[in-house]
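Please work through the exercises below with the sequence and the model open beside you, and try each task before reading its solution.

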Amino acid sequence: MISTKLTELLGIDHPIVSAPMGSVSGARLATAVTRAGGLGLVGVSYGDASFIDEHVAATAEHGGVWGVGCVMFTFDERPGLWDKVLGYAPPVIALSFGDADQVRRYVASAAESGAQVVVQVHDTEQAAVALQSGASVLVAQGAEAGGHHKTQATLPLVPAVLDLTQGALPVVAAGGFADGRGLAAALALGADGVMMGTRFALTEESMGTAGFKTALVSGATADLVDTRSFDVVRGIPWDEMYTARSVSNAFTRTWTGRDAELAARRAEIEPEWTAAVARDDTGQRALFAGEVLDLVHDVRSAHSVVSDTVTEAETILRRLASQVTSAQ
């Protein structure tokens with residue numbers, strides 16, 4: 001067992017968090033990760049009331065230490081959903097992608113509900129706001145992450161955030177982690193755990209479709225592209241500082257870099273695109289994945305991902321410790 005400030009704060013066995021990925025991280029995945037000793041998060045950001053009632057309720061029924069992940073700006077646009085989430089009393093609430101005012105408001109509300117509040121940050125300025133707002137845990141997400149991200153790489157970001165926080169709260173590293181080597185590296189940087197997305201997206205319990213999983217397993221890091229095209233076609237008002245990393249396909253090759261034209265033609269294109277997504281057309285749908293794609297070659301159980309990651313990290317840490325010798 002690897003004990004860190006994260007495991008001690010949350011009362012979990014392993015310093016591993018499954019990312020709250022929209023349309024991927026449902027009740028089954030969150031519950032499986034929690035049962036394996038990590039922290040399982042339900043991604044409710046693009047969900048509606050029925051999704052929350054199904055997946056958050058089901059996760060709550062299983063008990064343990066679990067949580068929900070909420071993209072703050074989307075909750076501002078969906079009145080009533082925040083109160084619905086709080087109604088299920090999640091022990092952990094993970095917040096991401098909000099401005100300073102949203103961070104302060106949502107952290108205060110989540111803390112008032114009794115939850116431990118995790119805030120994802122992408123630079124030290126965001127980290128300072130989250131720290132001052134009373135976050136319980138920070139997730140320092142580097143640019144290697146799948147889906148939405150900024151530009152600073154994980155390796156320099158994590159220690160910069162640690163220097164800022166000075167041990168005041170646990171810091172979790174995200175972006176570029178898929179196995180025990182990554183966990184050991186994050187711990188060596190001083191982080192208290194890792195959040196993994198792509199590795200958990202490719203598990204038996206994830207909500208990812210058959211086409212999605214096949215495309216990612218057969219894909220490579222070289223196939224990835226940063227794009228805003230999926231946000232534009234869906235009409236989701238992401239701040240332009242964020243792009244989303246996806247496996248390149250016909251849709252991204254057609255529309256990446258043509259945001260204004262796609263927005264102007266959205267009424268024409270969106271219905272066809274939505275129908276293609278419903279068919280699981282991997283030439284059109286979003287295939288969000290991180291730069292760990294070269295490291296993930298199979299679909300397996302979430303329990304085995306947690307167990308194998310911890311076992312590998314323990315082996316590496318013991319080996320590294322054995323290499324430290326006293327001066328003669």
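Predicted model: local features only at pLDDT ≥ 70, side-chain atom pairs only at ≥ 80, totals over all residues.

**Exercise 1.** Work out which strands stand at the edges of the open sheet of 3 strands.

*Solution.* Begin with the order of the strands, which is β7-β11-β10, with antiparallel pairing. Since β7 (147-149) and β10 (224-227) each have a single partner strand, they stand at the edges, and one side of each is therefore left without a neighbour in the sheet. From one strand to the next, the twist averages 30 degrees. Now look at β10 and β11 (residues 243-247), which run antiparallel and are joined by 4 bridges; here Val225 stands opposite Ser246 in β11.

**Exercise 2.** Classify the aromatic pair of Phe97 and Tyr242, and then that of Phe230 and Phe251.

*Solution.* A pair of aromatic rings is described by the distance of the centres and the angle of the planes. For Phe97 and Tyr242 the centres are 4.9 Å apart and the planes stand at 90 degrees; planes over 60 degrees apart count as edge-to-face, so this pair is edge-to-face. Phe97 lies in the loop between β4 (92-96) and α6 (100-112), while Tyr242 lies in the loop between α12 (229-234) and β11, so the pair ties together parts that are 145 residues apart in sequence. Both Phe97 and Tyr242 are buried.

For Phe230 and Phe251, the values are 5.3 Å centre to centre and 20 degrees between the planes, and the pair is stacked. This pair links helix α12, which holds Phe230, to helix α13 (residues 250-255), which holds Phe251, across 21 residues. Phe230 is buried, with a relative accessible area of 1%, and Phe251 is buried as well, at 3%.

Note on methods. Residues numbered from 1 in each chain as written. Heavy atoms only, no water. Pairing = 2+ DSSP bridges. Helix = DSSP H or I, 4+ residues; strand = E, 2+ residues; numbered from the N terminus. Axes fitted to C-alpha atoms, helices over the stretch in contact; angles between N-to-C directions. Phe/Tyr/Trp six-rings, centres within 6.5 Å; stacked < 30°, edge-to-face > 60°. Buried < 20%, exposed > 50% of the residue type's maximum accessible area, 1.4 Å probe, protein only.
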